[in-house]
Every structure is written in C-alpha cells, then in structure tokens.
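I went through it one place at a time and wrote down what I found.

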Amino acid sequence: MSASEYPKGDPRAPIPVITPGHSFTSITDKLSDMVLTYNTPLAWVITTAIGFCLLMLLIVALAYLVFTGIGIWGNNAPVGWAFDIINFVWWIGIGHAGTLISAILLLFKQDWRTSINRFAEAMTLFAVACALIFPLFHTGRPWLAWYWLLPYPNTMALWPNFRSPLLWDVFAVGTYGSVSAIFWFTGLIPDLATFRDRAVHPVAKRIYGVLSLGWRGSARHWWRYETAYLLLAGLSTPLVLSVHTVVSFDFAVSVLPGWHATIFPPYFVAGAIFAGFAMVLTLAIPLRALYRLHDVITLRHIENMAKVTLVTGLIVVYGYACEAFFGWYSGSEYERFMLKNRIYYGPYAWSYWALLLCNFVVPQILWIKKFRHNLAIVFTVCMFVNVGMWLERFVIIVTSLHRDFLPSSWDMYYPTFWDFATLAGTIGLFLTLMFVFVRVLPMISIFEVRTLLPEAHPKPQHEEGAHR
Amino acid sequence: MATHSNDHLDEAVLMARPEAEIGRLGSRSLVLGGAGVLLALVGFFVSRETFLQSYLVGYIFWLSITLGSLGILMIHHLTGGAWGMVGRRIWEAGTKTLPLMVILFLPIAFNLEGLYAWARPEAAHDPVVQLKVAYLNAPFFYVRAVLFFVIWGGLIYVLNRWSREQDEEPARLIGPKDRRFRLLSGPGLCLLVITVTFMSVDWVMSLDPHFYSTIFGVLMLGGQGLATMAFTILVLSALVRFDPMARVAKPDVFHDLGKLMFAFVMLWAYFNVSQLLIIWSANLPEEIPFYLERLNGPWRWVSTILLLLQFVLPFLFLLSRDLKRNPSAVRWVATVILVMRVVDLVWTIGPVFRHEGSGLHWLDFALVLAIGALWLPLFWRSLAGRPLVPARDPYFKEAMAHVGH
C-alpha cells in the first residue's frame, strides 16, 4: 500500500520499504562501501573471532569423532538418533527462509524482499552446510559415505534402499543445496560486476572480475538475466516444500508413536519457515545496527518478517494441537501413552512445556503492532523461537524414542560434552561463514534495491508512491 | 508497470447493481437445480440409505463453499490486493448462505444413527469406539455443532455488516475504522481453522470411528479453498460480461485468481500424497483399511479419476499463462475442479458404506444439484443486493492501481 491514501502524518500509514531521500548513487555507495573498504568494524572482528573459536571446537570434535567413533556421542540403544538428527533438522529448517524469501515472495510480487533476500539466501547455504555435517559424520566413516548414499552401479550390485526416506533426503537436500547455490550466485552477478568496477585493489578487482562472468549490463544481458532469475524462482518454489517434507518422512513413515502422523509434512514445512524467519531476524537486527542499514532494512521489513513468523508459528501450534488431539482420538494404547509421556508423565515433559513456551506463548506477543516495531522485543522473541524449534525436534525425537513399545528396552538419553561441542561448533561455522560473507560480498542486493527507488519508476506527477 | 488513469473506475458506475443480469444468471442455475430436486425426490423413495449418504456429500460440498468464502474473505482482508477486491462480493454473498446451511444440517442431526457408526447401539460393543466415547457421543456432537455455527455465524454477520456500512458511507481516506476488518480477520481465521478441523472430524471422519489421520482437517481446509477458488472463477467469468465487473475483472485479476487456484490444486495433491504415503508405508491395522477400501474394488477407478482430473489435468492446463488470463477458457478448468470436489467428497464418504457396485451413485450428483437449488438462489440474491464492486473501500483504488490490463 502506498502512503498516498492516508491522511498526512497518520501514524498508521505503512512505513516505506526504503527510507525516502535515496538516489541510485547513494544506495550503491552505501552498500558497496561496506565491503570495499579497509575499515572493518570492531564488532565484526569480535563476532567473527567468537565464531572462529567455535569453528575450531567443531574441528576438534569431528577429529575426535573420526578417531574414536560415534560412541563419544550420547546415543544409545532406544535413542539411536539424537543430537545428530535434531541438529540436522534444526539447521535444514533454518535454511528454508532463504528460498522462501527469494522464490515465493518474488512470485507473490512482494518487493520488500529485495533488501533481505541476499543474506537470507547466503544463510540458507551456510545452514545447509552445517546440517550436512551431522548425517555425514554419523556414518562414522564419512569418506566412505558416498559409496553408501549414492546409487551407482557397483561390482556387488548393491543399491541403497530406494524406499527409505533417508535416501530421499540425500536427493532432496542435494537438489536444494545446489539449486540454492545457483540461485544465490545468479543473483550476485550484477553486483559482483559493480564491485569489479569499483574495487581499487588489483587482486580484488581480478577476483570480482572473474566471478562476475563478463557481465556488462547491456539490455540483452538484463533481459536474459531477468528471465533466468524468474525461471530459477519457479524451480526453487517446490523445493521449499519438498526438502522439509522429505525430512518429515524420515519420521512419519515409521510406525513409532510421536513420529507417525500424517500432518507431519505440512507441519514440518511451516516449522522450517518459522525457524528460518526467526533466524533471518536474529541476523538482520544486529547487522542492521552494525552497518547502519536503517534506510534499507526498515521497520517495514522487520514488521513483515515478524508477521510471517507469527503466522507460521500459529501453523506449527496447530500441528501440536492436532498431534495431541488425534493422539488421544486414535484410541491407540501406544499413541495415548506417548502423549501422556510427552506431556506430563515422562522424564522429558519439561522439554514439551519449554517448547510450548518458546513456540506458542512467547510469539503471540507479535500480534501487537507496537511490539513488532520494537527491535529488542522482536529479537528476544526470535531467540525464543530459535531455541523452541530446536526443542521441538528434541521432543519429537528423544521423547518418542526413549519409551518405545517394549518397556524392557526403555532408557534415558543424556547428551555428552561432544554432542554439545558439535552443536556449538556448527554455530561457529555458521557465524564464521556468515560474517566472512558479509565482509567480502554484497550482503544486500544493490541492483534490486535500486529498483525500489522512485528514480527507477518515472511516473506522471499526479501519481505518488515509492514503488510499483 | 503501465501507467494508468483511474477514470474507468468511476465510483457511480462501479456501485451500480446489475440486478437484471444477475437475475438471469440465477434463473439459469435454477434449471439445473430443479432437475436435481426431482431426481433427489425419486432417490429418496428408492433408497433412504443412499439418499442420506448423498445428502451428506451435497451438504459438505456446499458448506465448503460457504466456509471457504469466509476463509478467503478474511485472508483478503489481511493481505489486500486486487484479486480480493474483485472477488470480495462473491465471497460475502457465499458466506450469507450460512442460515440455509444451519437448516439443512437438521436432517443430518436427526439421522445420526443412519450415518455415524458410533451413534448406533452396536457401538457399545466396539472397544475402540468405547475409548473415544468422551468425544464421540450425541450430546457433545450437538454442542459442538451449535458452537461451530455460532462462531461462523458471528464472523459472517460482523464482516458483512461492516462491509455494508462501508458501502453506505461516502469514499474517504483510510480511517481508524478500516483496520477493524483486519483486526477481526486474524483471530477469525484462527477460529475458522480450528472449527473446520473439528467439523471435519465430527461430520466426515467419524463416519468410520476407527479411522484417524492428523492431516484430515488440513485436507478439508484445502478442499474448501480449492472449491471456493473454482467457484469464484466460474461466477466471475459470468459476471465479467457486463458492467461493472467488466471494468475491474481484467485478465490480470483472472491471472492472479488462476494462480491461486493452481496453488490450491497443488496443495490438494500435496496433502493427499502426504497422507497416502505415510499411511501406506506404516501399514498399520487401524489406518490402512482406509486405503485398502479406496485403492481396490469399485473405488479404484474413482481414485484414478481423482488423480487425473483433480490434479494432472488442472495442473497441466493451469501452467499456461494464456489460459489463466482467459475467462472463457479457465472456467472450464474450474468446472472440472468443482465436479471433482464432489467426486472427492464421495470418495471420502462413500467407501464407509458402499463396498460393491460402481462407487459413485447418481444420487450423489442429484443431491449436490438439489441443495444447489436452494443455495444458489440465496447466493445470487445476496450478490444482487449489494454493489458488485467494493468501490468505497478506502484500499480499493490503491489495490486496483496494480492491475494493468
């Protein structure tokens, strides 16, 4: 909505996507100067250092794992899958916001996405990288994993089990990772060319020059580029649904109560978007302050993302409610026991209530517009969601496994130091990659933000409005 | 985007009420409905049992458009956009059929034993049903039904009254009052989703009290959305032939509505594949009979038709941009989808009762037409009773500014 229909000065009028007063030059200067400068903000150095230390911890944890075996983790007989799959699903979920923002919001003509899509896409790639570490190292001998996971005609005529969703995961995540990378890189090309033209240091000029693939910005280039970008968006859209659908199948196609629920696919997808948007906000709010991006990432973006978080959060809560109701309604002894065990009976009941606090109670604050405009509150809610979505997978995986059909095999699960170290380590990997990205590549799509400026839309005088 | 003047969006023209034209459309739909009523009467005397089952199919079909209209109306209030401005009166008129649906619920309410296994005396000996008796019992069933109608009725009444107030006031800038649609629609949608979920359990899923599927409510919601989008496109393709719709329902708008219908087609398929794959691979005795029944015997070919005509065919056709922008082409896809919505409901409801024969029964379609003979006149009358375009909505001009041609 343009502000033109509101009485002048009405506080209810929507905030513009880009703070008025910018020109093509000022936007390009501002966004490219973040990278093409010798001044690195101190906060950047500190955060990257923390991330890097955690990354070292990851390397130690993985090295120890490879030398010793996965016995260093807390996994045991009934809970054969724990932190490894929890963290895998958590990271994959976080990765969903990038594709949603870049593909689905593009198709929905939501032009505010242009300020946030680039780093959300980068976040997707880094989250997928973090996620892949877990299943890969859970194989114990990751250097052999390709032989077990990829279907290829080998001398023993052995194939992976095509009926197993774990194999579909390999294909789904592989497709997702590669398409996201192509999408991200395609989006970068015009900006890389801008960097090539603006960089002063000859090495930087050379690197950006090679990466920009000979982009000259001719009309023909743009025409082909826009077509390719739209096609990639169309191709990526089903991937937003498919990856987490397949991840949900990892659980749902089994017969285990707490895993076997037909609502899992849509509910996992909503959870992934929920977690992803919360993570985008978690990153956007500090980065916006660090690089003074208030003109480009406005409260409009924060508010819209908060709304998406709220809506997807409500869908997730709908999933919890359906699971609880149908668990009882099924009349099945095992389903009902699982439910009781999960909610009040079992030793992990605390995690269910903590989950409800994080994913249900706290995000409801986002119904109120005043709070959606308060960065501290939005940030806090997002931290709760980040934790909540991790707990959700903990509840689904550990609570369902630790009390299976046979009471004699029941056991408790306790994560070890190495479980936590690997989780913290992937957070370090994520932070490091993210901050290196922000330092060397345009974090915000310069050419797309330029299209939001009034300059890009010469219009007759009587029509106001900053964008289409 | 092209620049445009809004001269063709003159308020006086848009606020016109083309009662004669709508009346003609209404009488055309009566002919089909009349035939349906006659057939239904014949069927009532031929087989009471089948009549009741088909009645439930017809009832749930029309209710899905009433409630789907309410849902999409509230989504439109939350998101805005030209597609919603053009469809709004259709959905508002759709929701106003709720009083009729309350009356038409009575035959179901008075025939619980004929439809629902848990309501029959034999259920007392069924151990599984006994475990659910706290939920599946007649008094609680009625209480819930009343609650559903009260919630739906409340939302429908308030949204329609506010919309009428908006029409009566002269156009103006966006004021504090215009937020109320949005403020109600957020919580309203939550209520609708919850009530429709439980409605789908009560009125459809509990026909077979042993079966349960957590995605069932979502399937019902998706089906309502799909039916409503198809119905909207069908009605709009008739209204677009004369003013004022001809001025606002441009190919751009049809394109957007077509894309939404396309999205619902894919969602429908997605939800169904999810349910099928999960139940099939677990192969649990309490769930698998649902699919054993439907993928074998007489229902096998119904399943195949559903797959081909509710997914494959609409999917392939709706990929085309030109088709979505052409009202006289896209309405055929919408018609197929609406017919398939009926078949889908028969596929869901029928196998509980019919294990032999052809699966589909002519009475299913007769009753859809017969209930339509009551539903549609009410719909057309409500539609004719209000200006066809919400031209006095302060957001209207802004939304239409995005429409090219």
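**Entry 1: a surface patch on chain A**

I started on the outside of chain A. W146(A), Y147(A), W148(A), L150(A) and Y152(A) make up a nonpolar patch on the surface, and together they have about 550 Å² of accessible area. A reminder to myself: this is a predicted model, and every value here is computed from it.

Is Y152(A) buried or partly exposed? Its relative accessible area is 31%, so I noted Y152(A) as partly exposed.

**Entry 2: where chain A meets chain B**

Next I turned to the interface. I found 43 residues of chain A in contact with 51 residues of chain B. The area buried between the two chains comes to about 4000 Å², and carbon and sulfur atoms give 69% of that.

Which helices of chain A supply at least two residues each to the side that touches chain B? They are α9 (219-252), α10 (264-290), α11 (299-329) and α12 (333-345). The largest share, eight residues, comes from α11(A).

**Entry 3: S330(A)**

With a relative accessible area of 4%, under the 20% cut-off, S330(A) counts as buried.

What do the polar atoms of its side chain meet? One lies 2.8 Å from the backbone oxygen of G327(A). The backbone nitrogen of S332(A) is 3.1 Å from a polar atom of the S330(A) side chain. Leaving aside neighbours within four places in sequence, I listed E335(A), K132(B) and Y212(B) as the contacts of S330(A).

**Entry 4: salt bridges**

For charged pairs I searched the whole structure and got 22 salt bridges over all chains. I wrote up three of them, as follows.

The side chains of D167(B) and R89(B) meet at 2.8 Å, N to O. This pair links distant parts of the chain: D167(B) is in helix α8 (residues 138-168) of chain B and R89(B) is in helix α4 (residues 82-95) of chain B, 78 residues apart. Both ends are covered: D167(B) counts as buried at 8% relative accessibility, and R89(B) counts as buried at 3%.

R180(B) and E165(B) also pair through their side chains, at 2.8 Å, N to O. Here R180(B) belongs to helix α9 (residues 179-204) of chain B and E165(B) to helix α8 of chain B, 15 residues apart. At 24% relative accessibility, E165(B) counts as partly exposed.

In the bridge of D256(B) with K259(B), the closest N and O atoms are 3.7 Å apart. Why are these two separated by about one helical turn? Because they are three residues apart in helix α12 (residues 251-282) of chain B. K259(B) is partly exposed, with a relative accessible area of 29%.

**Entry 5: a network**

Notes:
Residues numbered from 1 in each chain as written. Chains lettered and ligands numbered in written order. Predicted model: local features only at pLDDT ≥ 70, side-chain atom pairs only at ≥ 80, totals over all residues. Heavy atoms only, no water. Patch = residues over 30% accessible without salt bridge, like charges linked within 9 Å, V, L, I, M, F, W, Y side chains within 5 Å. Areas by Shrake-Rupley, 256 points an atom, 1.4 Å probe, with all protein chains shown as cover. Salt bridge = Lys/Arg side-chain N within 4 Å of Asp/Glu carboxyl O. Buried < 20%, exposed > 50% of the residue type's maximum accessible area, 1.4 Å probe, protein only. Contact = heavy atoms within 4.5 Å. Buried area = accessible area lost by both parts, 1.4 Å probe. Helix = DSSP H or I, 4+ residues; strand = E, 2+ residues; numbered from the N terminus. Polar contact = N/O pair within 3.5 Å; in protein donor to acceptor, adjacent residues only side chain to side chain.
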